[in-house]
Amino acid sequence: MGYMKVIGDTINQGQYLITGEGGKMTRGIRCLAICSWGYIRNKELLINKDSKGFNHASYKTSTIVRPHEPVSLNGDHTHFLLVDNGMRGTPTGAAELRAKLEERIADPGVGGLGIPVILLILEGGLGVIVDVLHSLRRGIPVVVIRGTGRAADIIAFAQCEVAKRSRQQPQFRSATRKRLKQMLEEAYNKSHRGTQEELHSYVDKLEECMEFVDLINVFDLNSEQELDAVILNALMKESGITEDSLLPMEPLQLALMWDRLDMAEKIFSGRHDWPPGCLDDMLTETLLSNKVDFFNLLVLNVVFLKDYLNVRRLRLLYNLASSARSSLRRAMERLGMATDSTTIHLRHVDRLLTHILRRHEMELYDRDDPRPTHRDPKLDEMQFQEPWDELFLWAVLNCRQLLARHVWTRTSSPVTFAVIATAIYRHYYDSTSSDNNHMRDMFEAHFVEFKKLSVELIHVCYERNSLQAVSLAERRQERLGDMSVTLLAMFADNRAFLATPCSYESITQTWMGAIRKASSSVICLAIFCPLLVWTRAVRFLPLGDSGGELGPFQKLLAFYKAPFTKLIGNAISYAAFLVLYTYMILFDFRFEMQLTEKIVIFWIFTMCLDVLRQITTYPSETLQGKLADWIASIWNKFDFLTLLLALLAFCLRMFTITFPYGRIAYSLNTCILYIRAFRFYHIVFKLGPKLVILYRMIDEVFNFMLLLVVFILGYGVAAQALLYPVRPFYLYVFKDIFMVPYWQMYGELQLETTEAPESEVCYDSSNSGQICEDITHYAQVVPPMLAIFLLIGNVMLLNLLIAVFTNVFEKVRENSTEIWKYEMFRLVKEYEEKPGLAPPLIILELIWVAAKKTWKVCCRRRKENLKLYLQRHLANLAVFERECMAYFLQREKEARSNQTDEKLARIEERLASMAMQGENDLERVEDILMAVERNHGGNRPHSRVTLAVPSDSDSDSESPQATTRGGAVPSLRLPSAHARIGHLERRLANLSDELSSQRVDTERLLQRVLERLPPPAAAQHGLNGAPAAAQHGSNGFAVGLATPDRSRSRALSRENGGEENG
């Protein structure tokens, strides 16, 4: 009954089940009800009739509540404590026991639980006053909700009266006692069975309650307060905690538990001397609960993050945040590092990041070894140089997006770490099964958010300083093994980042190298005639900041090292190889190996060496990772297939018996080699995206074939079984089953194959002798089967494939620029690291590179320290990035401010519209009253219509109101503070209710006034042409104000006045 039912319903909605000991399922939320035994309906059903065993009572609950009758138990409570004091038919006996139990629960000492307890009063009968008295005597704070009626409003009134006077005098004044008696009579006269004196005796109980007025807290439903804030204030007051108290840890813990940031800010505003480390555990709790505002408050006020985050605590955070089936643990399980029961160490995290990012170098991570014999006892307390970076990685790996978004703004390199986040979320997305749509959608949303942040931030950097922004994109990150952020974006499939103007400018600069201006034809000629490099046809960039010019040898070296030059050289070399290979396979392929074949084999061998070199250049530390990154490209798949077929063809052609198969392998390899030439088309914007469409359709073709093969086999087997019912097994039957229907689907119907080869077939049977079958009957079934097969294959499946191809085409066309720039970046990175000489001359440069590396390892004594040379430049880039980050945050803040201003403008417009509607209603009332005055000879009744509009200073419900009488509504001026949007919306709702109420009151006023007036003479003869706004009759006048139409009311006055004058 009452709010007990509300609490029960709330618990029922949030209830969940847990598995206890022995596999028994129990409810996770426990709710204890303390009830009076004498006031329970059907209590006899709860009596244990078996004294030797446990009674499973079958009790039927009911929602029916009748006055002065026992009530049913609420089925949503999990436990009941039934108190029997011998009384029947009255809800007494439980209050004292409940107060004692609450006191023991709140007692932090021995025998108590130390759990804060509060008594919440919502409406209630006379027994509630007794419950409040018992709780106050035990020192339990009470929160009364004013506005809910009966006991709550009476207690709130008493508390308000006592609070106005000195707290030392809780006695009621005579006027207060009289008002309290009156309120008791109004609330309980109908339900109270006792005498008037017994009812008035509750005033004495209220007066006794006021002795503990400091423990009584009132929450007004009509105020701007929030209930949880009042409850928290009550607990703080009961604990004796003020702003000057020493270390209010318990209220701060409650504020964190209830997510009351305002109360936590109030606590930190006090003069407290927080010792170092006192709030470290609370900061850990805020991180685990993903409460960003509390985390920010603790870091700004007390906790120094660099002292807080050491190796031990970061390891603890990883283990506490990752559940048994979390994304982090599943990712580690796939790498064979950690199981559900394994403690996560930072070395595990380092291996996972190395797998995702290809390179990750962090000494403290690598030293946190899970093996006891390899642990460093001093490692646990070691601190990180950039704790915000480690905290960001922890938040992203554990999918705490809100916290990651906040910490990201404080990282050492926001651009880099935004791209790192996209790489992690892309890995999570790709490794999640396709049937887990919820997780994949979440990872995709997180990936898109950080992709957007990385793009927007690099845009800001590029707008402020394009040169430094390009340097920022090309900067090699020490933590990532000297990888650049653009290379990481390629591995993360962050195509939007690579398509930004900043990244594309970096791609363009790298593509041309030191060449400032040169046409493609000049570069082609200069490859064969190096003298053109020293002419004005090829211009180079100035040398260094001083603007010096390159020397002759430097120009030659810079020309042949440019990726664009390398690509043209490789394209010419590959074209020559295709010509030679074509000539060899068409005219010069014999069992005795000819010169052309030897050159082709050597050429393919140098191409194989180049592939091995390319695999070693990938940043992954493991061979498996390098191979996985290399094979991810569709063109590298073609390279692998080409080399595999070439090796197979070479082995097969060496023996006479397998020589024909060698020719077949060489011929098949020709197709792949020509397809491989498409790679050079990526430099053309119009052709690059179309190649992407082409190789994306390959997967769809395979899926189509999986569908088609079922129909082909079904029709082929059935047709062959009918046309050739008796024949021995032979291998070429698979050709008849599969190939004939396949060609028929493309239009080669071969109708002669659907006819019977002979009219009859006979065979011997051991039981029946010779049996003959007429095949012509069977052959009649085959053409209808062929028609159905062609209908499904040609019409349905082929059109389905066309629809799929169209979808792929549309997707690529929408993002054609992004896709082309992404493929251009892959092409630039590939040719930037390629040797200057193309196959087969590449072997010379590979020998030179190998010799040079051997000399550096064995003979070189002095090494170049480029990091020291670039240290100042990197420091300037870091400062520039922080400035751009601050500007980016400022722009975000301004964008949110603009959105808030727009919302305020819409609210102001709605308020002005409603005020205008109220003004129209008042004018209509004035017009109607004027019409009544004319009809009745000037006997206009005196009335006053008031419209209350909140004034500018109306920030609370207690503020004064501005009133108007038949005039214009004063203009409304809204504050510009964004925090008052919610308050303005509430004012808007109150104004709407007030206008509606005012219109209803005005209608009633006019109804009463017009009923008392004598009917006019003109009205007795009837007003046939009068409008329907006022109609005379036995029922009086019916006045409607729902539609503010001043023209109708004024027409009424004119017509009434005209008839009266007539």
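Buried means under 20% relative accessible area, exposed over 50%, and partly exposed in between (1.4 Å probe, protein chains only). This is a predicted model, with pLDDT of at least 70 needed for local features and 80 or more for side-chain atom pairs, while totals for chains, interfaces and linings use all residues. Numbering starts from 1 along each chain as its sequence is written, and side-chain values use heavy atoms, without hydrogens or water.

**Stop 1: threonine 411.** Select the loop between α19 (401-408) and α20 (414-431); threonine 411 is there. Threonine 411 counts as buried because its relative accessibility is 1%. Its side chain reaches the backbone oxygen of tryptophan 408 at 2.8 Å. Now show its contacts (heavy atoms within 4.5 Å). Beyond neighbours within four places in sequence, threonine 411 is in contact with Trp388, Asp389, Phe392, Phe417 and Arg882.

**Stop 2: helix α2.** Select residues 94-106, the 13 residues of α2. Ala94, Ala95, Arg98, Ala99 and Glu102 are its buried residues. What do the buried residues of α2 pack against? Show β3 (32-36), β4 (79-83) and α3 (126-137).

**Stop 3: the largest cavity.** The whole structure has four cavities of 30 Å³ or more. On a 1 Å grid over the protein atoms alone, a cavity is a set of points where a 1.4 Å probe fits but cannot get out; lining residues have an atom within 4 Å of a point. The largest holds about 310 Å³ of space. Select Tyr574, Met607, Asp610, Arg676 and Lys834, which lie nearest its centre among 21 lining residues. Then colour α29 (595-616); α29 gives the most to this lining, five residues.

Definitions and conventions
Helices (H or I, at least four residues) and strands (E, at least two) are DSSP runs, numbered from the N terminus. A polar contact is a pair of N or O atoms within 3.5 Å; within protein, one must be able to donate a hydrogen and the other to accept it, and residues adjacent in sequence count only if both atoms are side-chain atoms. The expected span of a helix is 1.5 Å times one less than its number of residues. On a 1 Å grid over the protein atoms alone, a cavity is a set of points where a 1.4 Å probe fits but cannot get out, and a pocket is an open set with protein on both sides within 12 Å along at least five of seven lines; lining residues have an atom within 4 Å of a point. Grid points are joined across faces, edges and corners, and a volume is the space filled by probe spheres set on the points.
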